[in-house]
Every structure is written in C-alpha cells, then in structure tokens.
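I opened this entry to keep track of what I look up. I go place by place and write down what I find.

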Amino acid sequence: MTRNQSPGRGQRAADWADGRLGIYSLARANLRKIFPDHWSFMLGEICLYTFLIIILTGVWLTLFFKPSMGEVVYAGSYVPLKGVPMSEAYASTVDISFEVRGGLLIRQIHHWAAIVFVAAMFVHMMRVFFTGAFRKPREINWVFGFLLLFLGMLDGFFGYSLPDDLLSGTGIRFIEGSILAVPLVGTYVQMFLFGGEFPGHDIVPRFFTIHVLLIPGIMLGLLVAHLILVFHHKHTQWAGPGRTEKNVVGMPLMPIYTAKAGGFFFLAFGLVALVSAIATVNPIWAYGPYRPDQVSTDAQPDWYMGFAEGLIRIMPGWEIGLWGHTLNLGVLIPFALFPLVLGAIAVYPFVESRLTDDDREHHLLDRPRNAPVRTALGAAWISVYLVALMAGGNDLIATHLHLSLNTITYAARVGFFVVPVVVFVVAKRWCLGLQRRDRDKVLHGRETGIIKRLPHGEFTEVHAPLPRRELHRLTAHEQPRPLVLPAAVDENGVARPAGVLTRTRTRLSRGFHGEGGRIPKPTAEEYREISEGHGH
C-alpha cells in the first residue's frame, strides 16, 4: 500500500473492531504463548478432541432419535424384530442403525468416542497426579478435571440408557434399586427420575434432556474454564537445563503448536472412526427391546461404570431393621462408596498441601519415583478400581474360565482390602529402589562394560561420568523436610501436649517426607569426593 493510498474496507473493519475490543493487541500477546513439548501432554488433547467428536456426532443423532416411551410395533427392515412391540426410542435407534444412510457408523463413532473420552480423562488425571501437576496454583483446575471425569461417566450412563434396549434397561433397573436403598429420600428421587413406578413413561425423555442439554452444558462450561486456567497458569514442564519455575521452554502456540494440534485432531478422529468401523459396540438389535420380566445374559455396563457394579457384587446382602423399616446395607454401602472412591482423588491436592505445609507455586513436574508415597497411593487407588471392575464381571470370568462364581466373589472381597495394601508397599519400595539407582548413577556414573584390573589384582568396571543434562535431570527435584511437632506452652510457660489433629498431621508428614519415604539425593560434596576417587 502506498503512502497516499487509503486503507481497504477489511482493514478499516479490523481497525474499528480492535479499537473497541482490543482483539489485535490481545491476540498479539497470546498467539506466541509457549507450550512445552512432551508426549504425555497429548493425553489432555485426546480428551478435548474426543469431546468434540461426541458433540458433532451427538447433534447428528438427535435429528433422528425419538426420546419417547410410546409403544409401537416394529415394521422396519430388520427381519428378526418384525412385529415385536417396542418403545419409539428403541425403534428409532434401530432405524438409525439400518434405515438412515451412515447411521450405524455415526452411532458407533459416538459410542466409541465416549469410551475413549472417559479413558483419556482417566489416564490424563493419573498423569497429572503422578507428576504432581495438581499443586499450587492448579488445585482448582484439578477439581474442574475431576468434575469433567465424573460428569463424563454419568453422561455416558445416561447416553447408553436412551435406546431402551434390554441391556440398558437392566442397567436402569440396577440404578433404580440403588436409589431406592437410600433411606428417607430414595423413593422421592426415584419418583422424580422415573415419573412413577418403574419403568414408567418419562424415564427416556428425562434422560434425553439430561444427556443432551444439562450435563453437556455443564461440561462445556467446565471445559472452557479448565482451558482458560491452563492458559493463564501456563503449562507445567519437566525439569531440565534452562527450565525453572519462572519460565516455559517449548514452542509457540502459533503456528507450530496449532498446526500439530490440528493434525492430531484429524488423526484422533480417523482412529476412532476406524475402530468404529471394525469393532461393533452396543449392538442393540441383538438384545431386543427392554421388558421388565427379562434380563440380558452377560449384562455389563461400559468399562468406566463397571467398578460401580463391582462394588454391589462384592458387598454381602446385609439387611437391618430400624423402627419398622428395612435398611438394605448390601446396596446402600456400595452406593455410598461410589462417590467416595472417586472423591478421594478430588481432595488429594488439598490433603498433600496440608501435610507438606507447602504454599509455593510449582511449575516443574515431579518424576513419580521422587514422590514414593504419592505414587504408592495412586497405584493403590487404581488397584481398588481394578479389583471392583473385575468383581463387576465375575459372571463372565466364571463362565469363560470355568471357575466358581462364589470363589471369584470371595476373592474379590478379600482383594478389595488386601490388594491396595500390597500394591502400596510394592510401589513405594519400587520407587525407593529407583531412587537408589539414580543416586548411584549420579555418584558413580554409568556402566561402560569395560573391565579393568587394578595393580593389586582386583577387577573393577570402568564408569563414565554422566552428561550435565542427565545430572540435572536426576538431581533437580526437591526433598521437603517433614513437619516438626510444635512445642506448645500455656500462658504460665508450662509445656502442654499438642492437639490430636496436630500430632496426626505431623505423623503423616513424617511418613510422607521422613526417612522411610525417600532416599537422600546426593550432595555436591559427595559427588566431588567420589569423582576424584574415580579419577574423573
């Protein structure tokens, strides 16, 4: 543009918008934002991309699905169901599968994307947990992530309950029984959800509203808040040369990161579509419509809800009578344990912060081995989840492996209490062993495989010093000291014992950061002394 040439219409519109909204200055400040590069950070991107796939395919499915419990007689192209009475919800889902062009593939993509979405969130949260990325200032973002995981599991249950097939109807009956086991309010909640006696005529329309509008709207708001906080706090990064708590080493958002993210989205979409085209999930036409007097064989929910059913199957069928009313503990206790097992990971950042008395900001990640107690607790929590998941499929294990159903159930009951303890001990000792190995590598260097004979006849292996980058990686972590029990005195100067909470907190802190919870990392003096001895 020459000096005397007036700006074009598009430039004038951009200048007008920037003068009122500040878009250009905002974009210029943020589009060059730096993001670190590591394969584990892609787990969060998989969550985002599969959520977008779910939204896109879900909008398409709502154009053909009829959320109605009105009874019709099937007269479509699927011959085995011709003349069978069913709900409009089931009939419309069968029509989507066999009458609508591409409908079955879209259904499969929607369902598989939901499965991958929850799995990716689960693995992503475990990555954040084991690396300590939840610490200040990211505790609130951790809670947002937990709520997204919980709502994703809940919305998945509502979603596969919509077709009103025999499998989903069995799951709804399972949930109804759990709700009725809650004292005082259980019957009112059941009437609110079902609009009457089971199965009622309102359950599918109400589940449809919850599945399509309520929960996705909340999740979308949480997702936006989650991304805003990630953008605001900057991304965590692994320790390394030049990386500190006050900088970020990586690549800019535009154009490198955006180009990689865009390609990864289409790759994720393509893989989900490929799996959906090859592996069938939830073939409702094989189950048939729901009938209260029938139950499908091998009835199993999606994997992420399997542990909830496992808690029910592990629990003995205990009942007690109180004031003329029966309290079904066999269902009530597992129903209460379901949110407690999940909620344990939601509150953990605040518990660890309280035990360590750490109020500093953390932007560098921990290697899991350098936090043995945290890693052991996470591994123990996963073992509880897996034991309950296995118990949820005890009938399948019994039939496929020709084992006793009662034996599997009793083994799961014992394992629910024993396996987490064993896993905690093994994981902690494993981490301590890896810390000892790192310490030896720092002090003595790496093994070269070269054997040298000393003048006095002794054979020894030659060790080569580690590169400075590797030395930094193995020694960059902090080792906080455990809390010390404060000396409490009264107004007369007489010592008095500390409170129960203070003593408990001090003991837990000692277990977390005490001698049994870590191997002291090598000091510079030790390194110099041994290096001089090796002749480095």
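**Contacts and cores**

I started at Phe 338 and set aside its neighbours within four places in sequence; the residues in contact with Phe 338 are then Phe 150, Met 153, Met 305, Phe 307, Ala 308 and Leu 311. I note that the model I am reading is predicted.

Next I looked up the largest nonpolar core, which has 80 residues. Phe 338 is among those with the most contacts inside this core, along with Phe 117, Met 153, Phe 207, Phe 307 and Trp 381. I then checked where the core residues come from: helix H5, residues 103–130, gives the largest share, with 13 residues. I also found a second, separate core of eight residues, including Met 86, Ala 91, Val 94 and Trp 285.

**Ser 92**

I moved on to Ser 92, which is part of helix H4, residues 88–98. Is Ser 92 buried or exposed? I read 4% relative accessibility for Ser 92, and the cut-off for buried is under 20%, so Ser 92 counts as buried. Leaving out residues up to four places away in sequence, I listed what Ser 92 touches: Phe 64, Phe 65 and Lys 66.

**A hairpin**

Last, I looked at two strands, S5 (residues 319–322) and S6 (residues 325–328). I found them paired in the antiparallel sense, over four bridges. In this pairing, Gly 321 has Thr 326 of S6 opposite. S5 and S6 make a hairpin, and two residues lie between them. For Trp 323, in the turn, I noted a positive phi of about 50°.

Note on methods
Residues are numbered from 1 along each chain as its sequence is written. This is a predicted model: local features need pLDDT of at least 70, side-chain atom pairs count only at pLDDT 80 or more; totals for chains, interfaces and linings use all residues. Side-chain values use heavy atoms; hydrogens and water are left out. A nonpolar core is a set of buried Ala, Val, Leu, Ile, Met, Phe, Trp, Tyr and Cys residues joined through side-chain atoms within 4.5 Å. Buried means under 20% relative accessible area, exposed over 50%, partly exposed in between (1.4 Å probe, protein chains only). Contact means heavy atoms within 4.5 Å. Two strands pair if DSSP finds at least two bridges between them.
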